[in-house]
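Welcome! Keep the viewer open and try each task before reading on.

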Amino acid sequence: MTTTSPATGFTAAEPAGQFPVGTIEPDYVLTEALGTDPATVFADISGADRSYWERARHFVQNEVLPAIDGYWERAEYPMHLVSRLGELDLLRDGVQVDGFAPMSRTAAGLVTMEISRGDGSVATMIAVQGGLALRSIAECGSAEQKKRWLPGIADGKEFAAFALTEPTHGSDAVALESTATRTAGGFLLNGEKKWIGNGSVGGVSVVWARGEDGQVHGYLVPQDSPGYTATTIEGKLALRAIWQAHIRLENVFVPHGNVLPGARSFKDTARVLLATRLGVAWSAVGHATACYETAVQYAKQRQQFGRPLAASQIVQERLARMLSELATMQLMVVQMSRLDEEGALTPEQASLAKYTCTRTARSIASNARDLLGGNGILLANRVARHLADIEAIHTYEGTETMQALIIARGITGISAFA
């Protein structure tokens, strides 16, 4: 007689007596959406906003979660998901594009939160394609550039990248050293960029470079342009299912028609980053939600000492602590999005949201990983992937240290970095 474990597939021979079925681990169900909203902050969102949220949740449950672990483990970019995000109109990050339905800042936040609950790499597709590249063209582009690029980027039929960060200029991006030199019919770009999502997959890159006037300007650079070389960065331990590139620009010609007329200084770049910084805070809420909900489901299903983990006082205290932290994050992003809708969001407030939410998400993820014990490091049990991906969002769009300095500049009136 043999006994087969549904969880492991192992088949054990039974030479004598009854096989100890209590040694067989059950298949845990950890990916259900629990609708966690302890302070009912989402109870009064509009029907239009809720429609975007529900569409994102359906996409996560049916298309992202069943497949993403394999892509993440293999460091493969499921580029078809960019197209799907476009088809579902989940790619715009609140940027208004002619021919597309209105999308509020709250709707954009809810989409980012929900997609992040599924996977950070997929959420970063939105952050790069919609939040950074699409927004740059929408806010700084000419009428002709908007007509040419916005629809294709918004519906995921064309890829787009935002090339700002340089190998030697991360936090001090304002000091970038890539150059744009005038030449007949346009400009020649020279320099290097690093950590550029979508920078090596084809499409267009919004490249930021310093002109001869000393100011930072934006340039639309097709990635098949001569002199544009992009190498996909390998060896990442976070956001493994989206590719970032190290880009080298050697006398890349950009015609006058590809210069963003509204990008006249780094202030215009910063305007784009302000909106996406709040998006990172929403993403952190999504990651934290995934970790909390996984911990709740695991605690109810995992049996130890003759009872579920959830029956232990210390486990209940930890779940309560995670829920308290998550509620704080939810309240903050909803309020900051309301300010953003009113055009009243300040850089300090956006930084406060990002600073608070990413560091709190780290705490929740660490707590959840520990609660799952050894099972917490398995991709199949979800938390480890989120734990790793939170490390990336904790850094991009400005490190914790830079956010703290922006917040403190508002407190003191003194800038400690510029």
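Helices (H or I, at least four residues) and strands (E, at least two) are DSSP runs, numbered from the N terminus. This is a predicted model, where local features need pLDDT of at least 70, side-chain atom pairs count only at pLDDT 80 or more, and totals for chains, interfaces and linings use all residues. Residues are numbered from 1 along each chain as its sequence is written, and side-chain values use heavy atoms, with hydrogens and water left out.

**Exercise 1.** Find where E166 sits and which residues it touches.

*Solution.* 
- Start with the place: E166 is in the loop between β3 (160–163) and β4 (179–183).
- Next, check the cover. E166 has a relative accessible area of 5%, so it is buried (buried means under 20% relative accessible area, exposed over 50%, partly exposed in between, with a 1.4 Å probe and protein chains only).
- Then list the contacts (heavy atoms within 4.5 Å). Not counting residues up to four places away in sequence, E166 touches L176, E177, S178, E192, K193 and K194.
- Finally, look at S178: its side chain and that of E166 are joined by a polar contact of 2.7 Å. A polar contact is a pair of N or O atoms within 3.5 Å; within protein, one must be able to donate a hydrogen and the other to accept it, and residues adjacent in sequence count only if both atoms are side-chain atoms.

**Exercise 2.** Work out whether K236 is buried or exposed, and find the polar partners of its side chain.

*Solution.* 
- K236 lies in the loop between β8 (228–232) and β9 (244–255).
- K236 counts as buried because its relative accessibility is 12%.
- Leaving out residues up to four places away in sequence, K236 touches W195, I242 and Q244.
- For I242, the backbone oxygen lies 2.7 Å from a polar atom of the K236 side chain.
- For Q244, a polar contact of 2.4 Å links its side chain with that of K236.
- A75 is 161 residues from K236 in sequence, while their C-alpha atoms are 8.3 Å apart.

**Exercise 3.** Describe the largest nonpolar core and the elements that supply it.

*Solution.* 
- Begin with the term: a nonpolar core is a set of buried Ala, Val, Leu, Ile, Met, Phe, Trp, Tyr and Cys residues joined through side-chain atoms within 4.5 Å.
- The largest one has 46 residues, and those with the most contacts inside it are F42, W282, L319, M322, M329, I364 and L371.
- At least two residues each come from α4 (105–118), α7 (266–301), α8 (313–341), α9 (347–371) and α10 (383–393).
- The largest share, 14 residues, is supplied by α7.
- Zoom in on I364: aside from neighbours within four places in sequence, I364 is in contact with A288, C291, Y292, M322, E325, L326 and M329.
- Apart from this core lies another of 30 residues, including I115, V122, A238 and A392.

**Exercise 4.** How many residues of α4 are buried?

*Solution.* 
- α4 is mostly covered, with 14 of its 14 residues buried.

**Exercise 5.** Step back and sum up the whole protein chain.

*Solution.* 
- Count the elements: the protein chain has 11 helices and 11 strands.
- Then consider cover: 53% of the 418 residues are buried.
- For overall extent, the C-alpha atoms fill a box of roughly 90 × 45 × 40 Å along the principal axes.
- Lastly, of the contacts with a separation of 6 or more, 74% are between residues 24 or more positions apart.
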